[in-house]
Amino acid sequence: MSAWQCAIRGCGAQFPDAEATIRHQATAHDTHTCRICDADVPEGYFAIRHALDEHSRAEYVRAYEFDADAVREREWVKTVVESAVDVDDLAEQLADDEG
Ligand SMILES: [Zn+2]
Ligand SMILES: [Zn+2]
């Protein structure tokens with residue numbers, strides 16, 4: 001499998017696996033403020049998961065001015081990440097790191 005790349009604008013850092021990529025996004029980048037509910041969430045995968053899990057697709061499209069392809073792309077990223085990483089376990093680890 002090829003290297004994973006941080007997709008956050010202006011970054012492009014590469015990592016050997018999905019977990020390292022998400023950990024980087026959640027720790028090296030500022031938090032993302034959800035445009036729908038104003039929650040502060042880790043940037044990257046966790047921001048995508050928040051929007052897709054907590055909000056409807058219609059809200060997501062409207063708040064972020066996405067088209068259908070942009071939402072599909074994020075749904076795909078979420079699926080790929082979740083097939084490669086135990087994200088709930090990772091979220092707990094990240095929370096422990098902060099504490
Ligand atoms: Zn990055
Ligand atoms: Zn939200």
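# Working chat on a predicted model

Reader: Let's start with D30. Buried or exposed?
Author: D30 is exposed, because 9 other C-beta atoms lie within 10 Å. The cut-offs: buried takes 20 or more other C-beta atoms within 10 Å, exposed 12 or fewer, partly exposed is in between, and C-beta atoms are placed from the backbone.

Reader: Where is D30?
Author: In the loop between helix 1 and strand 3. Helices (H or I, at least four residues) and strands (E, at least two) are DSSP runs, numbered from the N terminus.

Reader: What should I know about the numbering and the model?
Author: Residues are numbered from 1 along each chain as its sequence is written, while chains are lettered from A and ligands numbered from 1 in the order in which they are written. The model is predicted, so local features need pLDDT of at least 70 and side-chain atom pairs count only at pLDDT 80 or more, whereas totals for chains, interfaces and linings use all residues.

Reader: What is the mean pLDDT?
Author: The chain mean is 94, and 97% of residues reach 70 or more. pLDDT is the predictor's confidence in each residue, from 0 to 100.

Reader: Which elements have the lowest and highest mean?
Author: Helix 5 (residues 87-98) has the lowest, 90. Strand 3 (residues 32-33) has the highest, 98.

Reader: Now the inside. Which residues make up the largest nonpolar core?
Author: Eleven residues: W4, A18, I22, A26, Y45, F46, A47, I48, A51, Y60 and V81. A nonpolar core here is a set of buried Ala, Val, Leu, Ile, Met, Phe, Trp, Tyr and Cys residues joined through C-beta atoms within 7 Å.

Reader: Which helices each supply at least two?
Author: Helix 1 (18-28) and helix 2 (45-54). The largest share, five residues, comes from helix 2.

Reader: What does W4 touch?
Author: Q14, F15, D17, A18 and T21, leaving out residues up to four places away in sequence. Contact means C-beta atoms, placed from the backbone, within 7 Å.

Reader: Back to helix 1. Which residues are buried there?
Author: A18, T21, I22, R23, Q25 and A26.

Reader: And what do they pack against?
Author: Strand 1 (4-5), strand 2 (14-15), helix 2, helix 4 and helix 5.

Reader: How do helix 2 and helix 4 cross?
Author: Their axes come within 10 Å and cross at roughly 115°. Axes are lines fitted to C-alpha atoms, for helices over the stretch in contact, and angles run from 0 to 180 degrees between N-to-C directions.

Reader: Parallel or perpendicular?
Author: Roughly perpendicular. Under 35 degrees counts as roughly parallel, over 145 as roughly antiparallel, 65 to 115 as roughly perpendicular and the rest as oblique.

Reader: Which residues make the contact?
Author: From helix 2, Y45, I48, R49 and L52. From helix 4, R74, E75, V77, K78 and V81.

Reader: Switching to backbone. What is phi of D38?
Author: Near 65°, a positive value in a residue other than glycine. D38 is in the loop between strand 3 and strand 4. It counts as exposed, because it has 7 C-beta neighbours inside 10 Å.

Reader: C37 next. Where does it sit?
Author: In the loop between strand 3 and strand 4 (40-41). C37 is partly exposed, with 13 other C-beta atoms within 10 Å.

Reader: What about phi of E65?
Author: About 55°, positive although E65 is not a glycine. Its place is the loop between helix 3 and helix 4. E65 is exposed, with 8 other C-beta atoms within 10 Å.

Reader: And D67, where is that?
Author: In the loop between helix 3 (57-64) and helix 4 (68-84). D67 is exposed, with 9 other C-beta atoms within 10 Å.

Reader: Last one, G10. Buried or exposed?
Author: Exposed, because 6 other C-beta atoms lie within 10 Å. G10 is in the loop between strand 1 and strand 2.

Methods
Two residues are in contact if their C-beta atoms, placed from the backbone, lie within 7 Å.
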